[in-house]
Amino acid sequence: MASFRRRGLLIVPPRSAAWFSHAQNPTVLALAADRWRIYFAARNEANRATVFAADVDPRNEMRVLEIYARPLLPPGAIGAFDVAGLGPSCALAACGRVWLYYVGVTVRSDVPYQHSIGLAVSDDGLAFERVATGPVLSTGPYDPIFVSTPFVRHTGSAYEMWYGSATGWDASAGRLEAAYAIRRTVSADGVVWSAATTLAVPPDDPRMVGATRPWIARDGERSRVWFSRRGADFRSGGPGAYRLVHAPLADGGTHADGPIERVVFENPPQPGDWDAQMQAYPCVMPLGDDLVMFYNGNEFGRAGLGWATTLRT
């Protein structure tokens, strides 16, 4: 496995009324060899998120071609699963349209929030409409708390989804924090998903209580699941801070089958850098024989989203 070289921030919030902070959860769709579209969650002055996008040229050092600094999908109606905000997590071309799987947010009185997974579609990849007013995946027998950050792929005969599943809430430093694992489910049409979900990444360290934002990408001859994980003390910047990790997939791609390894940066962040305290939410894309990783830094991407590339030997 090659190491990565950090390339810096790529998309930075302009601090406008519509897009005041963050470029969270980078979600890339390759439109052409020289144009990739990056969807991300940006927050307004009320700290509510929705979907924005930017196009970059992967053949020219990720030169930004265009930024769509307007919400592509507004929050849901009163009472809906995405009324308090939403953010992208996976985009794919399906049935001649762009399908965007996203995380919908509601606010609760007993715990800070509730997440569910929604699906919106578009003819041009910019103007989206929901396939339904409700989520395509929510709580169920094996997902009792909430579901979040899906990655979806089409295998030819079915759809597979890897996603973050909350397992409970724990009090840490005077506030409630969710614990979660990565699970997997399947669907015949990409809309109706099986409630019989399975654990996809077995935990290997009891101190790491949160594993989220899976992304499947090949590295050489084998596919890997890339994700970020953290411990209970992640807000203090201690050893449990969010870090990027990966693990090989078993034959058939149903679950991780091998050691979970941390992503190594040849030029690690230094104190004061935008990603010194936190590295999270990886999106990994092949580019020739190399890999490009888009990710977020401190405070869940408040400064924007950055990128890194592999260093092959």
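A residue is called buried under 20% relative accessible area, exposed over 50% and partly exposed in between, with a 1.4 Å probe and protein chains only. This is a predicted model, in which local features need pLDDT of at least 70, side-chain atom pairs count only at pLDDT 80 or more, and totals for chains, interfaces and linings use all residues. Residues are numbered from 1 along each chain as its sequence is written, and side-chain values use heavy atoms, with hydrogens and water left out.

Rings of Phe, Tyr and Trp (its six-membered ring) pair if their centres lie within 6.5 Å; planes under 30 degrees apart count as stacked, over 60 as edge-to-face and the rest as tilted. The count by this rule is 19 aromatic pairs. Phe81 and Tyr102 are stacked, because their ring centres are 6.0 Å apart and their planes at 25 degrees. These two residues lie 21 residues apart: Phe81 in the loop between strand 5 (63-68) and strand 6 (86-94), Tyr102 in strand 7 (residues 97-107). Strands (E, at least two residues) are DSSP runs, numbered from the N terminus.

A tilted pair is formed by Tyr113 and Phe146, at 5.7 Å centre to centre and 50 degrees between the planes. Tyr113 belongs to strand 8 (residues 113-122), and Phe146, 33 residues apart from it, to the loop between strand 9 (128-130) and strand 10 (147-154).

Relative accessible area of the paired residues:

| Residue | Relative accessible area | Class |
|---|---|---|
| Phe81 | 10% | buried |
| Tyr102 | 0% | buried |
| Tyr113 | 26% | partly exposed |
| Phe146 | 4% | buried |

One aromatic cluster consists of Phe234, Tyr242, Tyr281 and Phe300.

How values were computed
Helices (H or I, at least four residues) and strands (E, at least two) are DSSP runs, numbered from the N terminus.
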